[in-house]
Amino acid sequence: MKGCKRKIGPFDCCTVVLGKCEKYLKQIPKGAIDLIVTDPPYGKNLVSWRKEHGPILGDDHFPMETIKQLIKLPRLASYFFCHNLWEHESLPKPKSVLVWEKVEIGGTGDTKHEHSRDYEMILFYPRIPAHRFKGRPSDIISASKAGNYLHPTTKPVRLIEEMLEWYNFKTVLDPYMGSGSTGQAAKALGKHFLGFEADDKHHATAVWNINEEPGPSSQRRFEPDISQPSLDIF
Ligand SMILES: C[S@@+](CC[C@H](N)C(=O)[O-])C[C@H]1O[C@@H](n2cnc3c(N)ncnc32)[C@H](O)[C@@H]1O
Ligand SMILES: [Zn+2]
């Protein structure tokens, strides 16, 4: 994958590195990352109805120890998508919890949950005193689901773009890059990014998505096949 020719420690900036992030985090120089926006495995052993996806690597546990490390890394803030907050007692207390409101409500979603799952939580850890927003963003973000056609838990690029737009920043890190949404969002906004992805199939998808992405998320080439219902958990 071609990066932007800049370096972040030993890593090529604006690339996705194939491998487990834990192995590499210590090699990221202090101050090199402004933001983390990431969607770690939730520890739910998710099984997508799209059998072709298979299980998510590392989804047998929420990567608590790595998250504790990650929180200390960026200059401005970290954001972690998270399912059931109360299942993670040893999680450092976030400053606040944001909500991604999935605008197409209803659907089957997580059928073990009593209510239809129409939102997701995002844990917010600002770095005090450096943290600064551009304005005063709401803690509710509305965005359509992504469809999960290429990855079982794809986050909408537009959702990540909106979060990045809250900041004046240079570089965002996504240590659990999946299909590449954070990289696509950063690229669309003309920002630098670095990603890690441990699963070679998802790594290839991320590289394709980021390289081939023609521009703003609304113009994606991989249009979802609307003849298929989206019944995935996320
Ligand atoms: C919840 S998904 C992220 C989905 C992503 N937000 C997207 O929009 O496609 C978590 C991803 O982390 C990857 N993963 C799991 N353990 C990892 C690790 N230790 N280091 C890097 N990636 C890992 C999984 O393969 C999976 O693709
Ligand atoms: Zn770059």
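A residue is called buried here if 20 or more other C-beta atoms lie within 10 Å of its own, exposed if 12 or fewer do, and partly exposed in between, with C-beta atoms placed from the backbone. The views below come from a predicted model, in which local features need pLDDT of at least 70 and side-chain atom pairs count only at pLDDT 80 or more, while totals for chains, interfaces and linings use all residues. Residues are numbered from 1 along each chain as its sequence is written, and chains are lettered from A and ligands numbered from 1 in the order in which they are written.

**View 1. Asp-59 in its loop.** With 18 C-beta neighbours inside 10 Å, Asp-59 counts as partly exposed. Asp-59 sits in the loop between β4 (35–38) and α1 (64–71); helices (H or I, at least four residues) and strands (E, at least two) are DSSP runs, numbered from the N terminus. Look also for Gly-43, 16 residues from Asp-59 in sequence yet 4.5 Å away in space, C-alpha to C-alpha.

**View 2. The shell around ligand 1.** Among the 22 residues around ligand 1, Asp-39, Gly-58, Tyr-176, Gly-178 and Ser-179 come nearest; a residue counts as near if its C-beta atom, placed from the backbone, lies within 6 Å of the molecule. By class, this shell holds eight nonpolar, eight polar and six charged residues. Here Ala, Val, Leu, Ile, Met, Phe, Trp, Tyr, Cys and Pro count as nonpolar, Asp, Glu, Lys and Arg as charged, and the others, Gly among them, as polar.

**View 3. Helix α2 and its packing.** Seven of the eight residues of α2 (residues 157–164) are buried, including Arg-158 and Glu-161. The buried residues of α2 pack against β4, β5 (77–82), β6 (96–102), β8 (140–143), β9 (171–174) and α3 (181–188), where contact means C-beta atoms, placed from the backbone, within 7 Å.

View 4. Most residues other than glycine have a negative phi, and most peptide bonds are trans. Lys-5, in the segment before β1 (7–8), has a positive phi near 85 degrees. Lys-5 counts as exposed because it has 8 C-beta neighbours inside 10 Å. Cys-14, in the loop between β2 (11–12) and β3 (15–18), also has a positive phi, of about 65 degrees. Cys-14 is buried, with 22 other C-beta atoms within 10 Å. A cis peptide bond joins Ile-128 and Pro-129, with omega about 10 degrees, and Pro-129 lies in the loop between β7 (119–126) and β8.

Notes. Two residues are in contact if their C-beta atoms, placed from the backbone, lie within 7 Å.
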